[in-house]
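I opened this entry to keep track of what I looked up in one chain. My notes follow in the order I took them.

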Amino acid sequence: MRTIVIFFLFCFFGTSTDAQVLKTNNSYISFYSKAPLEDIEAHNYNVDCVFDTVKNQIAFSARIIDFNFDKKLMKKHFCEKYMEIDDFPFASFSGQLDFINKTNAKVIGELEIHGQKNKVEVNAYVERKSNDKIVMKSNFFINLSDYKVKIPKIVKDNISKSIEINVIVSF
């Protein structure tokens, strides 16, 4: 399945020889949910990302199983009950960076989580280091209902309806 996702990323960018396509498989995505009984936080350091520096196109693919929690039971519930990884093992994003200035960009694209695709528009900070390294960061919120993630009634007051997402990628 991972091979299919990588293939999708390369197809998204094509094979133009004029483009400089940067790739990494250790991008970082985290999410955070503030809740009355217990905050929920997870981190994933194994996210694939491809960036076409000429067309300013970017794509991410994250395996849901790679999100790590402080508690093993929380990960089990997240993967099996909420994200249903047997049916939806990946989350992905593909879109376009529209630079506002040298360090700030608006990222517009399609985010797919739990089999649901939604258009998103978020801000990103882009830093080009002196050693040709590029670092991108973004912080934004999504609503679980937009991605049809079902929350059981017994815990609905314990899980925020809006989830904070942080992304850091370094090429």
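I began with contacts between residues at least 6 apart in sequence: 55% of them join residues at least 24 apart. I note that the model is predicted.

Next I looked up the secondary structure and found two helices and eight strands. Read from the N terminus, the order of elements is α-β-β-β-α-β-β-β-β-β.

Of the 171 residues, 42% count as buried. The chain exposes about 10200 Å², and carbon and sulfur atoms supply 53% of that area.

I turned to strand β4, residues 90-99. Seven of its ten residues are buried, which means under 20% relative accessible area, so β4 is largely enclosed by the rest of the structure.

I looked up what pairs with β4. Strand β3 (residues 57-63) runs antiparallel to β4, and seven bridges join the two. Within this pairing, Gln-57 stands opposite Gln-96 of β4. Eight bridges join β4 to strand β5 (residues 104-113), again antiparallel. Here I found Ser-92 with Glu-112 of β5 as its bridge partner. β4 and β5 form a hairpin, with four residues between them.

Last, I asked which residues touch the most other members of the largest nonpolar core. They are Phe-31 and Met-136, in a core of 44 residues. Strand β2 (residues 40-52) gives the most to this core, with five residues. In soluble globular proteins, nonpolar side chains tend to be buried together.

I also listed contacts of Phe-31 beyond four places away in sequence; among them are Ile-40, Phe-67, Phe-69, Phe-78 and Ile-163. Glu-41 and Glu-164 are on that list too.

Terms used. Residues numbered from 1 in each chain as written. Predicted model: local features only at pLDDT ≥ 70, side-chain atom pairs only at ≥ 80, totals over all residues. Heavy atoms only, no water. Buried < 20%, exposed > 50% of the residue type's maximum accessible area, 1.4 Å probe, protein only. Pairing = 2+ DSSP bridges. Core = buried A, V, L, I, M, F, W, Y, C linked by side-chain atoms within 4.5 Å. Contact = heavy atoms within 4.5 Å. Areas by Shrake-Rupley, 256 points an atom, 1.4 Å probe, with all protein chains shown as cover.
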